[in-house]
Each structure stands twice: as C-alpha cells, then as structure tokens.
Amino acid sequence: MKSIKRFFIGMFSVALLATLFAAPAYAKSGTYVFDEQDVLTDSKFQELEQMGADYAAQYGVGVYLVYTDYMNGKTDPSSSERNEFGRQFFLQHDLGVGSGDNGIICAIAVKSRDYVTVKHFDNSSEDPFSDAGVDALEDAYTDPLHDSDWYEGGKAYYKTVGEQLSYFATTGKQWTEPDLLGFILKLLAALGIPGFIAASSIKRDKNAMQTAREQSEAGNYLDEGSLAFSVSTDDFVNTTLAVVPIPKNDNDSGSSGWSDMGGGFSGSGGGKF
C-alpha cells in the first residue's frame, strides 16, 4: 500500500515539475508571437500574445508576429526571398485559424533589419486586408523599428491590424486609404462656393469700372511707326541640360508591391527598416 502511495506521489511530483518548467518555455515560444531573438520582456510578450488570441477569437483570423535574426540566413534577401520566408514559417508552424487557415504574419529580422508581411486566405472574400491596407500597416509598424523599438513596432502592428479587422467585420469591405483630396474638395464645395461666387461678382464689377489696362510689352506704349528696328536677333549664351537617373533598389525601404505566391498565400515583398 505504501509503495502505491509513493508511486502516485512520485508521479504527481514529476507532473508538477514538468508543468512548472514547460509553462515558461511554451509562453516564450509563442502561439501568436514568436520572439526568437528575446527582444521582448515577459510582460510585453504576453500583452502582444493576448492581442493575437483576442483577434483569433473575435474575427477568426490568426495574427502572427515573428522576431528572427535573418530571413533564410541572408543579410540582404530579395523581396521574393522575404516572401518565401514568411510563407515557409506559416506552413512549418501550422499557423492559421479556422478551416481555411486564415491568417497574416509579420516577420521582422532583427539583425539584418528586414521586414515582410505575408497573408493566407483560401477564399479572397474572407480577406480583410487590401494592398493599401497592408501598405498602411507596414508604415505603422516599421516607423518604431527605425529606432529599434521592437515592442512599439509589434504593438503598432497589432493595433493597425485590429482596426482593419474591425472595419471589415463592420462594413464587409476591405479597408482602403481615405481619399483625403476628394474629401477636401467636397468640403470646399460645400463651404466655399457661396464665397467664391460673391468674390467673383465683386471682381467682375471692379474690372468693369477700370478702363485702363496694363500692357505686357513696351512697344504698346509707343506711337505706331515712331520706332523701327533694322535687325532683331536672340542670342543664347549657354544651355545646360542635366539628367540624373534614380537607381531602383529592390532592398530599399518600402514594400515592393503584393505578390501572389499561390495556395492562398500573398506577400508584400517587404523591405528594410
């Protein structure tokens, strides 16, 4: 009887120790956040991890964040290599939510200072992220990364993703960049037309009262036939035309445009921060 008790006590102790040691390891490996470079404190890691869990539960989309050293082991990867890194990471870690494995992943290479955004949606009608939306998303999270603020970059990523997920859930449409110029023109049309009409009327009446007109050429102030030129020439002393080509750098900051990789995957191409 005592041996049986000792057996169960021993098994309980082993299970308890395994739980105590396994929990921190699992937490830092990340379900939604993969901090391979240990750039986040435990509390900040948990904060971002919770945001990912909340989005998955509320919107049915996996939102993932990866801090790695290099993408495919390269210090200067091309846009296609950055895309492939995101796709392979998604597949190898069996990411995605729901039957369609819907999700979006942001990968940040801490040492080479590369970034990329890759998404997976088998059904395009379930994709909340437009090209313009992801451009805005990358602008948001790369801004803090310029100062190596890894936490703020991750927070900006999750915050902007959440805004676009909420917009899609509310409107059924992908978020797009607001037409600021169009809005301003409409506002001016609504507020400025009466004033414009009044100003134009005053200017027209004022011009009607002025008979004298300023002339743009000196000859208009001479009596006809009072001055004649025997020779009229134009001589140009020097003419210089300089053309400076702007080289295209595939690895420069800013995304290279979305690329369809097949199988429901598409990637931004990313860039450097």
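Which residues line the largest pocket?

**View 1. Lining of the largest pocket in the predicted model.** The residues that line the largest pocket are Lys119, His120, Phe121, Ser124, Asp127, Gln174, Asp260, Gly264, Phe265 and Ser266. Two elements, strand 4 (114-120) and strand 6 (265-267), each give two or more residues to this lining. By residue class, the lining of the largest pocket divides into two nonpolar, five polar and three charged residues, and the space in the largest pocket comes to about 170 Å³.

**View 2. Helix 3 and the residue Asp94 that follows it.** Helix 3 covers residues 79-92, and because its 14 residues at 1.5 Å a residue should span 20 Å, the 20 Å that separates its end C-alpha atoms agrees with that expectation. The buried residues of helix 3 are Ser79, Arg82, Asn83, Phe85, Gly86, Arg87, Phe89 and Phe90. Asp94, which follows helix 3, has a positive phi, near 50°.

**View 3. The chain as a whole, as context for the close-up views.** The secondary structure of the chain comes to six helices and seven strands, and from the N terminus on these elements run in the order α-β-α-β-α-β-β-α-α-α-β-β-β. Of the contacts in the chain with a separation of 6 or more, 67% are accounted for by residues 24 or more positions apart.

Note on methods:
Residues numbered from 1 in each chain as written. Predicted model: local features only at pLDDT ≥ 70, side-chain atom pairs only at ≥ 80, totals over all residues. Heavy atoms only, no water. Helix = DSSP H or I, 4+ residues; strand = E, 2+ residues; numbered from the N terminus. Expected span 1.5 Å × (residues − 1). Buried < 20%, exposed > 50% of the residue type's maximum accessible area, 1.4 Å probe, protein only. 1 Å grid on protein atoms, 1.4 Å probe; cavity = no way out; pocket = protein on both sides within 12 Å on 5 of 7 lines; lining within 4 Å. Points joined across faces, edges and corners; volume = space filled by probe spheres on them. Nonpolar A, V, L, I, M, F, W, Y, C, P; charged D, E, K, R; others polar. Contact = heavy atoms within 4.5 Å.
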